[in-house]
Amino acid sequence: MEEQILDSKSYHLLFIDDDRDFLYSLNLAIPQLLIPETNGVEIEPHFINDPKEALAFAQELTEEQEKIAVIVSDQQMPGMTGIELIENVNKMVPNAIKVLLTGYATLESAKYAINHKILDQYVSKPIEDFDSFAALLKNVIKTFHFRQGKEMAEQKIKQYVSELEQANAKITSMHLAAEKIAFLAQGFTKLDLDEVLDLIITRIPDVFKAKYSSLFLL
């Protein structure tokens, strides 16, 4: 049985290609191949044939705090290359997995983008085996999920460290205040009520930087 590492989240997959027939083929094949093995995760694929529309849609999803897990873009598109699109998307969703669809003529550009950490991997076109392509998508979704879990764990650790630092700062402040009070009281030669009241009402508030002080006597 496949390990269930995905939880009940909703992940968006963006496919961008100016070839409408290719997008139509993806739309028919990919959802059916992905859904059976998503382990309860809702996968929402989107098929967009214009890179500028894709950028606007990614911005909209980001503003709505939706999770964009995977972005698959063709390299050769009018008005904007796939790498240019991915560079812009990286600014919005740096943790999303970026996959470039490229032919032999643009293979060097894909390798350059991977080496410079612009994208995660490339797939050669044309895609003839949709089963293999779907298997690749499943793996990159798991990679995205792993990144999400790692990021959440790091955030929790940072929060825990911050809380410890705040608690230590309070303890240190209390120790300093106690030392100051002890220093103020060390001059007492006897338990004189007036001196004690003066210490409590006028001097101890300064130690704690209090604006007001009150004393209740039983």
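Reply: Helices (H or I, at least four residues) and strands (E, at least two) are DSSP runs, numbered from the N terminus. This is a predicted model, where local features need pLDDT of at least 70 and side-chain atom pairs count only at pLDDT 80 or more, while totals for chains, interfaces and linings use all residues. Residues are numbered from 1 along each chain as its sequence is written, and side-chain values use heavy atoms, with hydrogens and water left out.

Let's get our bearings. The chain has six helices and five strands. Of the 218 residues in the chain, 34% are buried (buried is under 20% relative accessible area, exposed over 50%, partly exposed in between, with a 1.4 Å probe and protein chains only).

Now for your spot. Side chains of opposite charge can pair when their charged atoms come close. A search of the whole structure turns up two salt bridges, each being a side-chain nitrogen of Lys or Arg within 4 Å of a carboxyl oxygen of Asp or Glu.

Take the pair of K125 and D17: their side chains meet in a salt bridge at 2.9 Å, N to O. K125 sits in the loop between β5 (121-124) and α5 (130-185), while D17 sits in the loop between β1 (10-16) and α1 (20-34), so this pair ties together parts of the chain that are 108 residues apart in sequence. How covered are the two partners? D17 is buried, with a relative accessible area of 1%. K125, at 26% relative accessibility, counts as partly exposed.

K125 also forms a salt bridge with D74, and here the closest N and O atoms are 3.6 Å apart. This pair, too, links distant parts of the chain: D74 belongs to strand β3 (residues 67-74), K125 to the loop between β5 and α5, and the two are 51 residues apart. D74 is buried, its relative accessible area being 7%.

Look at E53, which is found in helix α2. E53 is partly exposed, with a relative accessible area of 48%. Its C-alpha atom is 9.3 Å from that of I16, although E53 and I16 are 37 residues apart along the chain. E60 also has its place in helix α2, which covers residues 51-63. E60 is partly exposed as well, at a relative accessible area of 39%.

Helix α3 (residues 82-92) shows where burial falls around a helix: G82, I83, L85, I86, V89, N90 and M92 are buried there. They cover an arc of only 160° around the axis, which puts them on the same side of α3 (the arc is that of the directions from the helix axis to the C-beta atoms).

One last stop is helix α5, where you'll find V161. At 37% relative accessibility, V161 counts as partly exposed.
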